[in-house]
Amino acid sequence: MELRDSFDRKIDYIRLSVTEMCNLRCIYCVPGGREKTSRCSLPEKMPEFGKMLSFLHVARKYGLKKVRITGGEPLLRKDIVHLVREIKAIGIEDLSLTTNGQLLPFFAAGLKKAGLDRVNISLDSLDARRYMEITRGGSLPRALRAVRVAKEVFWPAPVKINMVPIKGINGSEIPGFARLTLENSFHVRFIELMPVGGSSFFFEGLRLTAQEAKEAIKASMGGGQKLLPLGRSGSSDNYMFPGAKGVVGFISPISGHFCDSCNRLRITAAGKIRPCLFSSREEDLSKASTEEEMEQLLLSSVLSKEKGSLLEKKVRFDSMQQVGG
Ligand code: SAM
């Protein structure tokens, strides 16, 4: 059995936010834009995990293949290894987790053993001071240690590095990040800054598009080297330098959204099923108890998926911390 939405897109991927809490307050993620805020965590509202598992079980029957655990910072959940084990046991082929890496070295081996296939690590600067400013307090040495540990523990799965380039802040680091792939099997992915968190004014004028990121890389290569196109994988448009060990990807939710190939649903940490990151529609998981009710919820969420980018309609801009990035 497989799930198809009203536009014949196959839905086999769920992004599951397991907490709204975060140990960092990245300037582009946490509400409040660049202002200093003491808000480093939001109340934990996550419903019974059993219910989420039952929902994933039902989705698995309908062909769910891929789950990404996100947040907030998923490693703040004390039971994260248990959650991973339970989700993998459903028969999920590709189970991944997105983290800021600050706590990853403590958990990596346990997560791998529990069935986690790979990780994405968010890393927005290779300069310690700038990293601390962007994350409002994060430690670059810790994040780099996480990258090294993840490379070893999850090998041969590549470590994916998520970088959000911002004009005048870390935009000048794009070529340096791309060059990390020359000697390492990393997938470095440049993600366009999205207007989330109720402070969209902050984002206008600061966004570097995928095209601008590509041009910055080309300009830094001085004409000699080329970025070879590898094609699209999920939401990422991938390239590589000749002979490089890793991949350079561009994720362009703004300049070239990938709605035509969208294959996902989202579950927020508050237990709401969202057809799209920017959707104002959501279904409440807590209202379903029986398998039939879960099935109904799954089908109605899939069928309520919109065709195109809701971003243009400026429908809903909750922070990534709330919805799960
Ligand atoms: N705490 C984890 C982390 O930092 O990776 C997972 C949650 S975080 C919200 C997931 C991803 O969302 C990160 O890679 C982050 O860079 C991205 N993100 C957050 N706000 C964003 C924004 N306004 N535009 C683009 N990406 C954003």
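This report describes salt bridges in a predicted model.

## Basis of the report

The model is predicted, so local features require pLDDT of at least 70 and side-chain atom pairs count only at pLDDT 80 or more, while totals for chains, interfaces and linings use all residues. Residues are numbered from 1 along each chain as its sequence is written, and side-chain values use heavy atoms, with hydrogens and water left out.

The structure contains 13 salt bridges, a salt bridge being a side-chain nitrogen of Lys or Arg within 4 Å of a carboxyl oxygen of Asp or Glu. A network of salt bridges links E2, R4, D8 and K10.

R9 pairs with D5 in a salt bridge whose closest N and O atoms are 2.6 Å apart. Both R9 and D5 are buried (under 20% relative accessible area, with exposed meaning over 50% and partly exposed in between, for a 1.4 Å probe and protein chains only).

## A link between two strands

A salt bridge joins D94 to R118, with 2.9 Å between the closest N and O atoms. Because D94 belongs to strand β3 (residues 94–99) and R118 to strand β4 (residues 118–122), the pair ties together parts 24 residues apart in sequence. Strands (E, at least two residues) and helices (H or I, at least four) are DSSP runs numbered from the N terminus. R118 is buried, at a relative accessible area of 12%.

## A pair within a helix

In the salt bridge between R129 and E133, the closest N and O atoms are 3.4 Å apart. These residues are four apart in helix α4 (residues 128–135), so about one helical turn separates R129 and E133. R129 is exposed at 62% relative accessibility, whereas E133 is partly exposed at 48%.
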